[in-house]
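Thank you all for coming. Please have the sequence and the structure open while I talk, and I will go through a few places one after another.

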Amino acid sequence: TRGSVGARRFRVVFSNGPHNAEALAIRPGTGEAFLISNDRVGRVFRLPNPLREGRNVARATNHLMPAFVTDATFTRDGRFVLVRTMQESHLLVFDARTWRRVGSVEAPRMSKGESITVEPNGRTVLLGSEGRHSPLVRVGLRKFASNVAAKASWC
């Protein structure tokens, strides 16, 4: 779809000092928002919901992530979090309740893989990189669905 939306800027500080965070994941249905730090040991931070004018504090959770997370997104049903890192070509899959890794999705290796979003159909994701003329790659979630079918569905 074409069009534009307005953007608002919110000031966010971390509860335990400065961090580099590139990943923002928002749970469908609830609007809960999480930042994942891009550190040697990634950490999950919960943002206030809703965000307010002025200072918002991202509160550290007890959930650790792999090193150098570049982006993350929830599946459409909000049950899983798909995570990209600078060091792994495949997508890492985490249970959204426990933030424990439950699987992975094969994806092509991309130079400086940076972005991920679930498409409206919930069955595919788009992966992006950075830089001029960088590709946008569609990856199906079917393998992920069959790997964790006993636990849940992906859509």
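This is a predicted model: local features need pLDDT of at least 70, side-chain atom pairs count only at pLDDT 80 or more; totals for chains, interfaces and linings use all residues.

The partner of R138 is E119, with which R138 forms a salt bridge whose closest N and O atoms are 2.6 Å apart. R138 lies in strand β12, while E119 sits in the loop between β10, residues 113-118, and β11, so the pair ties together parts that are 19 residues apart in sequence.

That is one of five salt bridges by the rule used here. The side chains of R27 and E32 meet at 2.7 Å, N to O, and R46 forms a salt bridge with E32, with the closest N and O atoms 2.6 Å apart. R46 lies in strand β4 and E32 in the loop between β2 and β3, so this pair ties together parts that are 14 residues apart in sequence. As for how covered these residues are, R27 is buried, with a relative accessible area of 13%, whereas E32 is partly exposed at 22%, and R46 counts as partly exposed at 38%.

Strand β4 takes us to the sheet. Five strands form an open sheet in the order β1-β5-β4-β3-β2, and the pairing is mixed. The edge strands are β1, residues 11-14, and β2, residues 21-26, each of which pairs on one side only. From one strand to the next, the twist averages 35 degrees. Within this sheet, β4, residues 42-46, and β5, residues 55-65, run antiparallel and are joined by four bridges, with R43 standing opposite L64 in β5. In the loop between β4 and β5 we find P50, and the peptide bond that joins N49 and P50 is cis, with omega at about 5 degrees.

Please look next at S37, which lies in strand β3, residues 33-37. Is S37 buried or exposed? S37 is buried, with a relative accessible area of 0%. The side chain of S37 makes a polar contact with the side chain of D39 at 3.0 Å, and the side chain of S37 also reaches the backbone nitrogen of R43 at 2.9 Å. If we leave out residues up to four places away in sequence, the residues that S37 touches include H19, N20, F45 and V69.

F45 comes up again among the aromatic residues. The structure holds four aromatic pairs, and one of them is the edge-to-face pair of F14 and F45, at 4.7 Å centre to centre and with 70 degrees between the planes. F14 lies in strand β1 and F45 in strand β4, so the pair ties together parts that are 31 residues apart in sequence. F14 and F45 are both buried. Elsewhere, F34, F74 and W99 form one aromatic cluster.

W99 is found in the loop between β8 and β9, and it has a positive phi of about 60 degrees although it is not a glycine. At 5% relative accessibility, W99 counts as buried. H133 likewise has a positive phi near 60 degrees in a residue other than glycine, but H133 is exposed, with a relative accessible area of 71%, and its place is in the loop between β11 and β12.

Strand β8 itself, residues 91-95, is mostly covered, with five of its five residues buried. In general, side chains in a regular strand alternate between the two faces of the sheet. In β8, L91, V93 and D95 point one way and L92 and F94 the other way. Strand β7, residues 80-85, pairs with β8 in the antiparallel sense over four bridges, and L82 stands opposite V93. These two strands form a hairpin with five residues between them. Strand β9, residues 101-105, also runs antiparallel to β8, again with four bridges, and here F94 stands opposite R101. The hairpin of β8 and β9 likewise has five residues between the strands, and W99 takes its positive phi there.

Key:
Residues are numbered from 1 along each chain as its sequence is written. Side-chain values use heavy atoms; hydrogens and water are left out. Buried means under 20% relative accessible area, exposed over 50%, partly exposed in between (1.4 Å probe, protein chains only). Two strands pair if DSSP finds at least two bridges between them. A polar contact is a pair of N or O atoms within 3.5 Å; within protein, one must be able to donate a hydrogen and the other to accept it, and residues adjacent in sequence count only if both atoms are side-chain atoms. Contact means heavy atoms within 4.5 Å. Axes are lines fitted to C-alpha atoms, for helices over the stretch in contact, and angles run from 0 to 180 degrees between N-to-C directions. Rings of Phe, Tyr and Trp (its six-membered ring) pair if their centres lie within 6.5 Å; planes under 30 degrees apart count as stacked, over 60 as edge-to-face and the rest as tilted. A salt bridge is a side-chain nitrogen of Lys or Arg within 4 Å of a carboxyl oxygen of Asp or Glu.
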